[in-house]
Each structure stands twice: as C-alpha cells, then as structure tokens.
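Please read the following report with the sequence and the model open beside it.

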Amino acid sequence: MSPSSSSNALPQSVYNPRRHVGIHAERISDVSSTEYPGHYPNEDHSWNLDVFKQNLQVKVQRLSQRSIEFDLVGVDASIANAFRRILIAEVPTLAIEHVYVWNNTSVIHDEILAHRLGLVPLNADPALMEYRTPTGINAQPNDRNTLVFQLKVECSRAPRGSGKEYINDEVKSGDLVWVPQGEQGSVFADKPPAPTNKNIVLAKLRPGQEIDMELHATKNVGKEHAKWSPVATASYRLHPLIVLNPEKPIPPHLAQKFASCFSPGVVKIGDHGEVRVLIDERGMRNDSVSREVLRHEEFAGCVELKRIRDWFIFSVESEGPYEPERMLPEAIKIMREKLSSIRTAAEALLSGGNEGGDIPPSRTEGADVEMADS
Amino acid sequence: MSEVPPKLQILKGAEADLSAATYQIYDESHTVGNALRWMLMKNPKVSFCGYSVPHPSENHIHLRVQMYDNLSSLEALLEALNNLDNLCDTIEESYSSSLAEGSFERWDEKS
C-alpha cells in the first residue's frame, strides 16, 4: 500500500515490517524485538546513543489538568514498561497511614473508616517530606515525616425552615482539617495540605452521631500500598496499523460494511468517480483493533492488522499531588536513582577485588526484612 | 530488625574472572531487571543475559551475565547502567522539549 503523501501521513518508516506486531484472528505474532547484536548477519544492533537519539521521538498529544497522553517512539518495551511500573508503584505520595479514633458513634466501623481515609488522595508535595524509617530520626513521627489532620464532625438536626433536614449528615474529605506541626506552617505556606477532591463522602451521620479522629499522613510508594500510588491509571498501548492489500481491493458494495468493522474515523470511503476504501493514517491511532474485520470471510486477505512494536501511546491520569505533565520526569528521576544506587554498589564490588562469588545469599535475613517491612 | 542485605552481590558459582556470574540485586524488580537485561543484550560482548525474580516474597532479582572472550561481566554491567542512564536522560530531554513546544491539544477535564 502506498500511503498518501499529505502532511497527515505517518512517516514511511512505520511500514518497515520489522517494527510490526502481527494481529491475527486468534493469536498475535512477532511480539518481541529481534534487534540485538548477532541476530541479523552484517547488521550492527549494539547500543549506540546517537542512533537512539535519531530514532527517539517523544511527543505530548493531549494534556488536561488531570491527565496526559504522550507518544514514546523508538524504545524497547522493557524501557516503556519500566516507566509505567515506576509511575504506578514507585513515585512517592502522601497518604493517611495512622488513624487515632477518639470517638466514633457513626454506623461505619473504625477500621472501615480508617481504610477509607487512607485512600483519600492528598495534594501535599512529597518532595517536602521524608520517609518514615524503621530506625534513626525518622523512626518517630516528627514535622519532617508526618502530616496531621483532624476530623471532628457532629451531626445535628437543622432548624425548621432552613430547607434541609440535617447539619453535617455527610462527612466529606473537605472536612479534614490540617494541623500544622513544627515548621510545617512555613514549609507548606504556598499550598496547605488538603485532599485533592473535597467531595469524597467518607461517612454518613444522623443527629447525635459524631466522629472525632486524628489522622497521620506519611510518605511512601505504591508498591507498599495502592493508596500511595500517584496515578489513577498509567498505561500504554501500541500504535495500531492497518494495511490494505493492493492486490485485493475491497469491493465497492462492501465499502460501508468494511468501514463499520473499524472505529469511527479509521476508514475513509473516497468517491473519485468510483467508490474506494482508504485508511486514514491519523485516524488509525484511534482504532480499537477489535479484529471484527477478521470475522468476515469476504474480507479475508484484503487487510492486515498490525501494531507498531516501538510506538507506545502512554495515557497517564494523575490523581495525587503531581501535575500530569510532571509524572514522566518524576518516573525518569526515580529510574535514574535506582540505576545510580546499583552503579555505586557495582563500583564498590569492582574496587573491592573480585572475590569470585563466595558470598552465599542471606535468605533468612532477606525474609526477616520482608516481614518487618510489611 | 535485621541488617539490610547488600544492594548487589555475586552469587556462588561465578567464574573467578567474572566472565560468567549471577548477580543478586536487592530491592529491585522487573522494572530494573528487564531494562538491564535488554541493555546488556545490546552489548555484542555479552553471550548470554537473563534475569529472574526467584520468589515473589523475596525482595530481590537475579541477573545472569555470560561474556565472550573472558571479559568481565561486572564491567559490562557498569556499562549497561551508564547506557541506561544516558537513555533516560535523552528521553527526558526529548519529552521536555515537546512539552515546551506546546503543540498539543489542551482540554478541560471535569472531575
């Protein structure tokens, strides 16, 4: 197929079959990249930063105040997946971890309410806080590692004629009151810590019932508990590619049916003297790749469904303190921190003499650490 | 609270010249394991590279590296770490310039 030469066309290189993942009726093919040194004769696929720079393309597509969609083209799945995993599990946020219940006469149990409170996303910048640690100065709560909120709500009957029956019959996230500790008043002066959404219903009360709690929020990451995950979703999909077979065009009377096999905007029916089916190269991006077209015998051999293996369409919904456009840089920062901590250890191993592996893995120790952490 | 295990250690059975070795990396997962595996495989001096997560409740990964010509796998590991760092830097630069360019759709999302 020869793509149209308009400015809307995708780069010709997307038709390179080596970049394609095949999509068939009941299976997919060519999932893994094969571009490694020694795989293709007389081709050098060793790591080369300049070549990588040339092929890399990062482009922000859509941005709102809560989510971002961007394309990452020219990287291996292992890299794209590393960023996705870090976004979900290793970018720190703050969440309520300890709940001290002074009084709770509502119908919702203490532990259920405490769990709900933990899941409330907070807007406080994690960079201003430190992690709680098992030992050292951060073993105890202090103004560097803990934010304190108060939740004190009492329900009563509303006066007659006020138009409503109760006062405070719904406890909402907006009822959390931040209580600054130590120097927090000045550190958080620009943006006082609060839930990102004031309208989350936490409990319902009736006259005479009350809730009185002290809440301690700490810094942690999503792999400890999902409440610390800064994203609602962070996912990617591969760019769809639909290739028509020039040897076997779609019969004009089936053009409408063919178009309805794809998402709206993917198939264009040209009408220059004759009815002709065209694929909109930009519309292709939005195809759901439902494989519907493969179910109809009359279209067999007319079209190939593919995806582009190194074209990742990321979609990230930020639900915490970070603006959506700040998410990827945060993930990259954490990836680089991980790499540098391994590098420090590897350099120490290199300079400390190659003892050649007589250190047995400390299994029992590892297990103890696991238990203590969770 | 017992002692924290070392970040990186060489498991028993490695060649004396480290031309073949399995590394245990503490507090890492598929995130780093797969990326490191890919970058090591991009090195033509590496004959084999693979990683595993031996058990889901043990907080470490194993990374196996075998080299051609009796070269040191530890040096290959360091090189891969540096290359990955450059890769991250390149992606961030490219992302920032796309963001600064501002040629994307802005829309208002109701919450």
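The report begins with the conventions and then turns to the helices.

This is a predicted model, in which local features need pLDDT of at least 70 and side-chain atom pairs count only at pLDDT 80 or more, while totals for chains, interfaces and linings use all residues. Residues are numbered from 1 along each chain as its sequence is written, chains are lettered from A and ligands numbered from 1 in the order in which they are written, and side-chain values use heavy atoms, with hydrogens and water left out.

**Helix packing**

Two packed helices are described by the angle between their axes and the distance between the axes. Here the axes are lines fitted to C-alpha atoms, for helices over the stretch in contact, and the angles run from 0 to 180 degrees between N-to-C directions. Helices (H or I, at least four residues) and strands (E, at least two) are DSSP runs, numbered from the N terminus.

| Helix pair | Crossing angle | Axis separation |
|---|---|---|
| α6 (residues 327-351) of chain A and α2 (residues 73-101) of chain B | roughly 160° | within 10 Å |
| α2 (residues 77-89) of chain A and α1(B) | roughly 165° | within 9 Å |
| α1(B) and α2(B) | about 110° | 9 Å |

Angles under 35 degrees count as roughly parallel, over 145 as roughly antiparallel, 65 to 115 as roughly perpendicular and the rest as oblique. On this scale α2(A) is roughly antiparallel to α1(B), α6(A) and α2(B) are therefore roughly antiparallel to each other, and α1(B) and α2(B) are therefore roughly perpendicular to each other.

A crossing is left-handed if the near helix is turned anticlockwise from the far one by less than a right angle, and right-handed if clockwise. By this convention α6(A) passes α2(B) in a left-handed crossing. Contact means heavy atoms within 4.5 Å, and the residues that make this one include A:L328, A:I332 and A:L339 of α6(A) and B:L74, B:L78 and B:L81 of α2(B). When Ala, Val, Leu, Ile, Met, Phe, Trp, Tyr, Cys and Pro count as nonpolar, Asp, Glu, Lys and Arg as charged, and the others, Gly among them, as polar, the contact of α6(A) with α2(B) has 16 nonpolar residues, one polar and seven charged.

The crossing of α2(A) and α1(B) is also left-handed. In this pair A:S78, A:I79, A:A82, A:R85 and A:I86 of α2(A) meet B:H30, B:T31, B:N34, B:A35 and B:W38 of α1(B), and the contact comprises five nonpolar, four polar and one charged residues.

On a 1 Å grid over the protein atoms alone, a cavity is a set of points where a 1.4 Å probe fits but cannot get out, and a pocket is an open set with protein on both sides within 12 Å along at least five of seven lines; lining residues have an atom within 4 Å of a point. Grid points are joined across faces, edges and corners, and a volume is the space filled by probe spheres set on the points.

There are two cavities of 30 Å³ or more. The second largest cavity has a volume of about 30 Å³, and its lining includes A:C261, A:F262 and A:L305.

The second largest pocket holds about 1000 Å³ of space. Of the 35 residues that line this pocket, the closest to its centre are A:E35, A:N55, A:G74, A:V75 and A:D310. The largest share of the lining, four residues, comes from β16(A).

**A strand residue**

A:E210 is found in strand β12 (residues 210-220) of chain A. The C-alpha atoms of A:E210 and A:F262, 52 residues apart along the chain, are separated by 55 Å.
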